Amino acid sequence: MTDAPTTRTDTAPRVLVADDHPLWLSALERDLVARGVQVVGTAADGPAAVRRTRATTPDVLVLDLNLPGMRGDEVCRALGDLPTRVLILSASGEQQDVLAAIKAGATGYLVKSASPGEILDAVLATARGEAVFTPGLAGLVLGEFRRLGAAEEPTESAPERPIPQLTARETEILRLVATGMTSKEIAAQLVLSHRTVQNHVQNTLGKLHLHNRVELVRFALAHGLEDEDPAAT
């Protein structure tokens, strides 16, 4: 394990990196540190990733999908009670692997062919609570959430959970989040600052007792919010 200072700052997220390829792990750690990210630790297998994430509670766990001892999706499930967000960084872009990771609680999914700059941007976006996906995967995940939402329609025995009161703007942004739009895209459409959109998303997460945008998308789709008329809110 490689430790780094764990003092939090306002600008640098705290990150733990888990990968079983020593050269890749070392290079990724070096790139992140060079760009101002606080790498609080590393792990080379699944059980170590769980132990060290629990010990340090980083903002982001950058997690390889195929680790010795535990798969990435198993690691995600084992850490589901923590506020740490998980960004999968894997050589695989297979549909089954992507959906298994997201269903297990990962916030985003990036393939290892991404450039160092793209990886850094993804880590920073994940720390902000945004869902980040390699191009082409976001639509796959959104489609699966829609399918799950349709399959989980409330019944008389399992009534729909009431939605806490949101402001009109929060509801509007929640609907756009459900379509798969990023905070930057929502800001451009609504003529708001990126920071304002992020604040609304964080307020909505708090009101709905959710942890990240992936959970927010699932919640919104399950409640049909992506189909509502904006004028109605």
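User: How are H1 and H5 oriented to each other?
Analyst: This is a predicted model, in which local features need pLDDT of at least 70, side-chain atom pairs count only at pLDDT 80 or more, and totals for chains, interfaces and linings use all residues. Residues are numbered from 1 along each chain as its sequence is written, and side-chain values use heavy atoms, leaving out hydrogens and water. The axes of helix H1 (residues 22–34) and helix H5 (residues 116–127) come within 11 Å and cross at roughly 70 degrees (axes are lines fitted to C-alpha atoms, for helices over the stretch in contact, and angles run from 0 to 180 degrees between N-to-C directions). With angles under 35 degrees counted as roughly parallel, over 145 as roughly antiparallel, 65 to 115 as roughly perpendicular and the rest as oblique, H1 and H5 are therefore roughly perpendicular.

User: Nice! Which residues of H5 make the contact with H1?
Analyst: Helices (H or I, at least four residues) and strands (E, at least two) are DSSP runs, numbered from the N terminus, and contact means heavy atoms within 4.5 Å. From H1 come Trp 24, Leu 28, Asp 31 and Leu 32; they meet, on H5, Pro 116, Ile 119, Leu 120 and Val 123.

User: In what order do the five strands of the open sheet lie?
Analyst: The pairing is parallel, where two strands pair if DSSP finds at least two bridges between them. At the edges, pairing on one side only, are strand S2 (38–43) and strand S5 (108–111). The order is S2-S1-S3-S4-S5.

User: Which residue stands opposite Gly 108 in S5?
Analyst: Strand S4 (residues 85–90) joins S5 in the parallel sense over four bridges. Opposite Gly 108 stands Leu 87.

User: And what angle does the direction of H5 make with that of S4?
Analyst: H5 packs on the sheet, where it touches strand S1 (14–18), strand S3 (60–63), S4 and S5. Its direction and that of S4 make about 160 degrees.

User: One more: how far apart in space are Glu 185 and Val 197?
Analyst: Glu 185 lies in helix H8 (residues 183–190) and is partly exposed, at 41% relative accessible area. Val 197 is twelve residues away in sequence, and the C-alpha to C-alpha distance is 9.8 Å.

Conventions
Buried means under 20% relative accessible area, exposed over 50%, partly exposed in between (1.4 Å probe, protein chains only).
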